[in-house]
Amino acid sequence: MARSDRRYTVGVDFGSLSARAVLMDLDTGDAVGSAVYDYPHGVLTERLPDGTPLGPDWAVQDPEDYWNAFPALIPPLLEGCGAAAEQVAGLGLDVTSCTLLPTTADGRPLCRLPEFASRPHAWVKLWKHHAAQDWAPRIDALAEERGEPWLARMGGRVSGEYYLPKAAQMAAEDPALYRAAERIPEMGDWLVRRLCGRETRGSCAAAFKTFWSRERGDVSREFLAALHPLLADLNEKHPGAVVPPGSMAGTLTEEAARWTGLLPGTAVSAAGVDAHVTLLGSSVGRPGELLLIIGTSTCAILNSDVYRQVPGLNGVVPEGILPGLNAYEGGQSCVGDLFAWFTDNCVPAAYVREARREGKSLHQLLSEKAAALVPGESGLVALDWWNGVRSTLMDFDLSGVVAGLTLATRPEHLYRALLESTAYGVRRIMDAMEERGVPVTALYAAGGIPRKNPLLMQIYADVCGREVRLTEGEHSGALGSAVLAASAALWGEEGFAHLTELTERYRRPCAAVYRPDPACADTYERLYGVYSRLYRRYGQEDELLKELKAIRLAAK
């Protein structure tokens, strides 16, 4: 429970399916309470609410699900903790990225205007909207041709998950709507504007997703016009001062205060990116500490005093998260989603009945059965590409592969192979960093899945040959946003300069440590070798998976 003599901050973490809020003690950094809000509309992948069909690989959302999270979360959170609004010094938030929304100049979502309600491009494009992937290689080719300096910093390849491919798809497929969109902000920046009445851009999303840099600013107008004539004015559609994490973007307006249950004038930090703020909320961030934020997908975040351009990573940004350090981002597009796909589609009725009889979830039952297997016993190796590849191939036209299936293959064999495939993907990311001279000195894991699945964490330790340290706390993303809010509340517009000091003050011990089993080392080296050969063949040398996708799309 909160104390009347304490000051607090609130952090809100906007994920793919829900938003989480945490009330944090400003002095200790401890979470006093938390709350969760599930988006009523979830993720729309087949049709809009009015029935308008969506194409393949679309993923959109309703912006009001985000805005309505504030009154659904904050007043009950304060009441449940016994805290008063006047005790809350700051509010921070983070959102998945790149997640964007076209609006009018005053911030009204186009999907809320009757003339655009049935237009798919008017809605929120979630990070995992992959229908813009065709634009990624075009951007790569044009950037290489023009010698654009930002391409190497972004790993040499652009992802269809980024801002520019999504905007280009909108301009090409619905030019009238693109022209009507006077603003196309990242969702975090849109929310901060509604809270403060001021247009700003969080520097994390600006640098990692729109290719902005402190030295050169945004991608040039000339490049944008060469990509598509309508895009010449794209930079004008996301204006505002670029504000670093932990610095104050503004204060709550009277209207936003009524909506959130907080007081007018409460400090609001610049919008953060979900994975980046999770690092701050997980007591991770010293040079060489690699944090895996494992959920529906996985983000791999690392701060380093070494600056290198690492091919296939999402990018490296000087002072992208903490002052004085270079922030690296990599990741995997399908982790929790992959495990859920398996339990939803590939488990026989007998296993469902057994789980129900024993009072267990399917994940618990399958994990127990998979844990009884020794490494290599299944004879399977999988490529974890069910939702395309983020790092290090940056190609969302690729799809999953399972090698070694026989009539003796059981569900637990497949389940373990999928767990292992995501561990191999992590190791590939680590190898890419260290091959370029970026040291990884420690491996951490955060998120609900690591806390629920000890087998997965042990597999990660065995495959990577390193200790995996499980971070403390259930809602690390929301806690990280509360840390940003604390920095903004204490130091205002200079908050970023003090962020390292604050995170060190709030640093907490690990919840658990998983150590590699030496008895598994040789087998996993061989299995990782097989994974690597499959990775090269189907990801770099053979167009087979892309041909299959083309056949699938043509058949629809």
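Author: Leu455, Leu456, Met457, Ile459, Tyr460, Ala461, Asp462, Val463 and Cys464 are the buried residues of helix α17. The model is a predicted one. The helix covers residues 454–464. Of its 11 residues, 9 are buried, so α17 is mostly covered, with buried meaning under 20% relative accessible area.

Now the two ends of this helix. At its start stands Asn453. A side-chain oxygen of Asn453 comes to within 3.2 Å of the backbone nitrogen of Leu455. Just after α17 comes Gly465. Gly465 has a positive phi, about 65 degrees.

Positive phi turns up elsewhere too. Glu319 has a phi near 55 degrees, and Glu319 is not a glycine. Glu319 sits in the loop between β14 and β15 (326–332). Its relative accessible area is 28%, so Glu319 is partly exposed. Met394 also has a positive phi, near 50 degrees, and Met394 is likewise not a glycine. Met394 belongs to the loop between β16 and β17. Its relative accessibility is 1%, so Met394 counts as buried.

The loop between β16 (381–383) and β17 (401–403) also holds Thr392. The peptide bond from Ser391 to Thr392 is cis. Its omega is near 10 degrees. Another cis peptide bond joins Ser97 and Cys98, with omega at about 10 degrees. Cys98 is in the loop between β5 (88–95) and β6 (124–125).

Next, the aromatic rings. A pair of rings is described by the distance of the centres and the angle of the planes. This structure holds 18 aromatic pairs. Take Tyr424 and Tyr528. Their ring centres are 6.2 Å apart. Their planes stand at 45 degrees, so this pair is tilted. Where do the two residues lie? Tyr424 is in helix α15 (residues 411–435), and Tyr528 is in helix α20 (residues 521–541). The pair therefore ties together parts that are 104 residues apart in sequence. Tyr424 is buried, with a relative accessible area of 0%. Tyr528 is buried as well, at 6%.

Tyr528 has another ring partner, Tyr531. This pair is stacked. The centres are 6.1 Å apart, and there are 15 degrees between the planes. Tyr528 and Tyr531 both belong to helix α20. They are 3 residues apart, about one turn of the helix. Both are buried.

Ring pairs also build a cluster. Its members are Phe14, Tyr37, Tyr39, Tyr66, Trp67, Phe70 and Trp259, linked by ring pairs.

Rings meet charges too. The charged end of Arg138 sits over the ring of Trp135. It is 4.1 Å from the ring centre. Lys369 lies over the face of Tyr351. Here the distance to the ring centre is 5.2 Å.

Now the spaces inside and along the protein. How many cavities of 30 Å³ or more does the structure hold? There are 5. The largest cavity has a volume of about 160 Å³. Its lining has 16 residues. Closest to the centre of this cavity are Pro185, Asp189, Thr200, His238 and Pro239. The elements α7 (187–196) and β7 (200–202) each give two or more residues to this lining. Helix α7 gives the most, with 3 residues. By class, the lining of the largest cavity divides into 5 nonpolar, 4 polar and 7 charged residues.

Last, a pocket. The second largest pocket has a volume of about 340 Å³. Which residues lie nearest its centre? They are Arg153, Trp212, Ser213, Glu215 and Arg216, out of the 22 residues that line the pocket. Three elements, α4 (150–153), α8 (203–209) and β14 (315–318), each supply at least two residues of this lining. The lining of the second largest pocket has 9 nonpolar, 6 polar and 7 charged residues.

How values were computed. Residues are numbered from 1 along each chain as its sequence is written. This is a predicted model: local features need pLDDT of at least 70, side-chain atom pairs count only at pLDDT 80 or more; totals for chains, interfaces and linings use all residues. Side-chain values use heavy atoms; hydrogens and water are left out. Buried means under 20% relative accessible area, exposed over 50%, partly exposed in between (1.4 Å probe, protein chains only). Helices (H or I, at least four residues) and strands (E, at least two) are DSSP runs, numbered from the N terminus. A polar contact is a pair of N or O atoms within 3.5 Å; within protein, one must be able to donate a hydrogen and the other to accept it, and residues adjacent in sequence count only if both atoms are side-chain atoms. On a 1 Å grid over the protein atoms alone, a cavity is a set of points where a 1.4 Å probe fits but cannot get out, and a pocket is an open set with protein on both sides within 12 Å along at least five of seven lines; lining residues have an atom within 4 Å of a point. Grid points are joined across faces, edges and corners, and a volume is the space filled by probe spheres set on the points. Ala, Val, Leu, Ile, Met, Phe, Trp, Tyr, Cys and Pro count as nonpolar, Asp, Glu, Lys and Arg as charged, and the others, Gly among them, as polar. Rings of Phe, Tyr and Trp (its six-membered ring) pair if their centres lie within 6.5 Å; planes under 30 degrees apart count as stacked, over 60 as edge-to-face and the rest as tilted. A charge sits over a ring if NZ of Lys or CZ of Arg is within 6 Å of the ring centre and within 35 degrees of the ring normal.
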